[in-house]
Amino acid sequence: MSRALSLRRSVRAFHHYHHHANPHSNLLKALSSTTSPNPNPFLARPFSSLSPSPSSSGAEFRKYLGYLALLLGCGVATYFSFPFSDSAKHKKAQLFRYAPLPEDLHTVSNWSGTHEVQTRVFHQPESLEELEQVVKDANEKKQKIRPVGSGLSPNGIGLTRAGMVNLALMDKVLEVDEEKKRVRVQAGIRVQQLVDAIKDHGITLQNFASIREQQIGGIVQVGAHGTGARLPPIDEQVISMKLVTPAKRTIEVSKEKDPELFYLARCGLGGLGVVAEVTLQCVERQQLVEHTVISDMKEIKKNHKKLLSENKHVKYLYIPYTDSVVVVTCNPVSKWKGPPKFKPKYSHDEAIQHARDLYQESLKKYRPEVTTAESSEDSEPDINELSFTELRDKLLALDPLNRDHVIQVNQAEAEFWRKSEGYRVGWSDEILGFDCGGQQWVSETCFPAGTLAKPSMKDLEYIEDLKKLIEKEEIPAPAPIEQRWTACSKSPMSPASSSAEDDIFSWVGIIMYLPTMDSRQRKEITEEFFHYRRLSQTQLWDKYSAYEHWAKIEVPKDKDELVALQARLRRRFPVDEYNKARKELDPNGILSNNMLGKLFPLPDTI
């Protein structure tokens, strides 16, 4: 799936609306046309046996015609609002789905479809000079232009209906220094674009998040990360940045030039300036060996310290309601031994077959009308062509909040991984990615886990408490619960910030998929997810000093909860210093949005 910011011009919706016109429109036009004068009044049949005057007869005719039109209108409205069965939900509200909007109105949503805004202000400058002019004009008008990247953040941190600026058209590689292994780029370039552009120079990025579609400016600003207890979050790869600010115009910051602002702005959440250019420290491009194996918590506890210290990249994938832990390690190919010689025990088809069988069995229960090829709809895809994550989405869509059904899906996932054990060799930018699945709600927390020399084991205790919570509360939690590690960051606004250089941090993500487009079902999943998240928050976060990833934190609607969150953030991050920089660089708040304003209220807005 292409995980890109969704920007839809209303004019496109307008054309779609007219190309899919109301099936009843011709009938309504025909009815309305009968109100025109009758060229032959003697052919009109009266509604009464009396012989009223021509004027009263016309009035009666129009009155009853109005009743008929009202009756038909009520029928149409009832048809498109009546709660149909699950198999007929797609028939609902088609009439009003594509209402025409003004041509200058843009609809912008994140890739999960969990956050969406409509705005008339959406700038896409093509050069630094254009960006500087956009920021200058917006500041003079006090017009919001919140920086938004690829729209991949699950919480929509870059969105605001008041106005946005997007650097997708500023996506060039400006300079490559092969000797120092550094690259200077425009901030709108996507990770995959950058990696492809510099691979011929023999260099690549030090680490990667799960996906490759993020803009460099965005992935840095939210403190994104990969995995590897010796490798810091991605903001630590930044050597220098060029910021276009409302108050001080274009400034360049680095360790040498204004280091205090540099470290603060590296993970600045888009609130200190529009990141226009970034210089990144890269590493030599190399091939990695990925090793996937199934384990359990007992074995993990025995080998945890060794796994963290001896592997360049490592992550654990826990399967709720099972003892299975998928351990994935990645290390450079040995120059002496070369890649491992390994023949998998099972083919991909054999590994995924259990999930296919479960899907066929589940169809008999939930959708018996499509259990045979003859009765299957043409739109039903061939399950043999689906990846495991696509098949998991289809399985969960049948009954996403039924705990027993979710447990069956989780067991099928454990079986898939058991039969997928083995090795894979490839370049780091190919190996370190992870298929996250379809649209989803996700909450990811970061907390200290000791040092490499002396792990605290709090990371494994957190998982044990989380799994107990899931089972006790009977949460329909799908797989996986993903656990990764990083070294610390010197950026004070990073969730992994620490002044102790040998500190390590664990990142744990919980998830609920949105495998359906039915609005009521998505609402129910959303409510269950936030119940799941709230239980984790109240029982685990303070205990383990866990703080949410900036791209996944959600603003509470309850005022008391919001005040508590603001106080909690103050205990972890230098909020006063951050707000002071915001006031100096963006005095009119044109780079802020509702989320930033509520998480970090300025003194005059509290």
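## Close-up views of helix pairs and a sheet

**View 1. Helices H9 and H11, with axes within 8 Å of each other.** Helix H9 (residues 348-366) and helix H11 (residues 403-418) cross at roughly 165°. Here axes are lines fitted to C-alpha atoms, for helices over the stretch in contact, and angles run from 0 to 180 degrees between N-to-C directions. H9 and H11 are therefore roughly antiparallel (an angle over 145 degrees). In contact terms (heavy atoms within 4.5 Å), His348, Ala351, Ile352, His354, Ala355, Leu358, Ser362 and Tyr366 of H9 meet His405, Gln408, Val409, Ala412, Glu415 and Phe416 of H11. By class, that contact holds eight nonpolar, five polar and one charged residue; Ala, Val, Leu, Ile, Met, Phe, Trp, Tyr, Cys and Pro count as nonpolar, Asp, Glu, Lys and Arg as charged, and the others, Gly among them, as polar.

A word on the model before we move on: it is predicted, local features need pLDDT of at least 70, side-chain atom pairs count only at pLDDT 80 or more, and totals for chains, interfaces and linings use all residues. Residues are numbered from 1 along each chain as its sequence is written, and side-chain values use heavy atoms, with hydrogens and water left out.

**View 2. Helices H13 and H14, crossing at roughly 150°.** The axes of H13 (residues 458-473) and H14 (residues 519-544) come within 11 Å. That angle makes H13 roughly antiparallel to H14, and this crossing is right-handed. From H13, residues including Tyr462, Leu466, Leu469 and Ile470 take part, and they meet a set in H14 that includes Tyr532, Leu535, Leu540 and Trp541. The contact of H13 with H14 has nine nonpolar, two polar and five charged residues.

**View 3. An open sheet of five strands, in the order S7-S8-S12-S10-S11.** Helices (H or I, at least four residues) and strands (E, at least two) are DSSP runs, numbered from the N terminus. Pairing in this sheet is antiparallel, where two strands pair if DSSP finds at least two bridges between them. Strands S7 (173-177) and S11 (249-254) stand at the edges with a single partner strand each, so one side of each is left without a neighbour in the sheet. From one strand to the next, the twist averages 10°.

**View 4. Strand S8 beside strand S12, and helix H4 across the sheet strands.** Five bridges join S8 (residues 182-186) to S12 (residues 274-281), and the two run antiparallel. Arg184 stands opposite Thr279 in S12. Helix H4 (residues 128-141) lies across S10 (238-245), S11 and S12, at about 50° to S10.

Technical notes:
Angles under 35 degrees count as roughly parallel, over 145 as roughly antiparallel, 65 to 115 as roughly perpendicular and the rest as oblique. A crossing is left-handed if the near helix is turned anticlockwise from the far one by less than a right angle, and right-handed if clockwise.
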